[in-house]
Amino acid sequence: MPGTPRALRNNPITIGSTTVRPGERRTVELELGALYTHTPTNMPVQVLCGRRKGPVLFVSAAIHGDEINGVEIIRRLLKVPALRRMKGTLLAVPVVNMHGFINQSRYLPDRRDLNRCFPGSQKGSLGARVARLFMREIVQRSTHGIDLHTGAIHRSNLPQIRANLDHPETLDLARAFGAPVILNSALRDGSLREAAAERQVPILLYEAGEALRFDELSIRGGVHGIIEVMRQLEMLPAVRRRARKEPIMARTSGWVRAPQSGILRTFVRQGDRVVRDQTRLAIISDPFGETETEILAPASGIIIGELNLPLINEGDALFHIAQFNRTDLAVERLETFQENLEASDYPYADDLPGKTPSHADRGHP
């Protein structure tokens with residue numbers, strides 16, 4: 001690397017049995033073992049090793065195999081020209097749960113949730129073995145991480161960052177990402193976030209959209225957020241821009257659950273502002289309409305998640321409400337976020353021609 005002082009040169013990185021040297025970009029196949037058909041399966045990782053020293057950032061998706069927005073986010077991220085000038089190293093893992101991805105399922109074949117199997121073990125379940133491989137080859141070689149998720153099947157999430165807001169560096173990265181909402185989220189046993197935190201690797205979890213659906217706004221927001229985090233980490237050069245509005249942080253949120261079974265008619269959507277005991281969220285009725293139950297907002301805040309299926313059972317989670325001191329500011333930030341990402345000159349837009357789908361059309365064919 002002529003012209004680069006030795007002290008500033010990046011170090012090679014070895015993933016699996018492949019060593020990627022500064023200035024190289026390679027795809028590494030991590031072996032997951034064979035299917036019962038004798039077909040081998042791998043976890044593909046694209047490694048971008050910059051010429052100059054810097055952080056090692058991993059970006060992962062599809063830990064839940066049906067959460068495919070993140071796969072598209074990583075595809076677009078890898079096409080960003082600025083990565084050619086990147087400092088440090090980027091580890092891009094578009095599909096962690098390959099078994100679930102192939103089956104279009106959230107879970108592994110044994111119905112285990114991979115995001116409850118970390119840090120894993122060499123002799124445990126399939127999930128434990130996949131988790132251990134990811135920890136050994138990706139997390140333990142990284143300084144920072146971003147994990148991409150969506151809502152579950154028939155559930156959609158407003159673009160949001162979930163993180164430990166009591167950790168100063170994580171909080172700074174969460175702010176830099178630029179999602180309209182940041183939610184303080186406790187670490188869950190067996191999760192990737194918990195396992196990474198125990199190894200002192202700050203990690204953000206980006207939630208946006210719905211399982212098995214592409215959502216254009218969520219995808220654009222994800223690519224933009226990762227680029228902004230890389231700028232915060234000085235992996236990419238800073239750019240001049242107008243002052244960025246601070247995202248709104250919520251330390252409390254909760255799901256509104258169905259008091260009875262029936263057919264759901266909703267009157268709010270994600271991003272809407274609701275007022276405790278005043279905003280009518282929905283009505284549940286029987287198929288004849290002879291019995292109807294009205295559901296009012298149990299707290300003031302913003303709808304950040306919702307059930308999209310109108311056929312419900314008692315106890316089903318219907319609406320996720322994040323509580324803020326200033327719900328008006330939260331709505332303002334959300335509107336600004338949408339306007340910026342829907343702009344025609346948005347730099348990380350899809351490479352296919354056509355207009356950005358409307359809010360009503362996003363995520364549907």
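Tutor: The following account treats the aromatic pairs and then the charges placed over rings.

The model is a predicted one. A search of the whole structure finds three aromatic pairs. One of them is formed by Phe 118 and Phe 134, whose ring centres are 6.3 Å apart. The angle between their planes is 80°, and because planes over 60 degrees apart count as edge-to-face, this pair is given that name. The pair links distant parts of the chain, 16 residues apart: Phe 118 belongs to the loop between α2 (98-102) and α3 (126-137), whereas Phe 134 is in helix α3 itself. Phe 118 has a relative accessibility of 5% and therefore counts as buried. Phe 134 is also buried, with a relative accessible area of 0%.

Another pair consists of Phe 177 and Tyr 206, with ring centres 4.9 Å apart. Their planes meet at 35°, so this pair is tilted. Here, too, distant parts of the chain are linked: Phe 177 lies in helix α4 (residues 168-177) and Tyr 206 in strand β10 (residues 203-210), 29 residues apart. Both Phe 177 and Tyr 206 are buried.

The charged end of Arg 280 sits over the ring of Phe 267, 4.0 Å from the ring centre. Arg 155 lies over the face of Trp 255, at 5.8 Å from the centre of that ring.

How values were computed:
Residues numbered from 1 in each chain as written. Predicted model: local features only at pLDDT ≥ 70, side-chain atom pairs only at ≥ 80, totals over all residues. Heavy atoms only, no water. Phe/Tyr/Trp six-rings, centres within 6.5 Å; stacked < 30°, edge-to-face > 60°. Helix = DSSP H or I, 4+ residues; strand = E, 2+ residues; numbered from the N terminus. Buried < 20%, exposed > 50% of the residue type's maximum accessible area, 1.4 Å probe, protein only. Lys NZ or Arg CZ within 6 Å of the ring centre and 35° of its normal.
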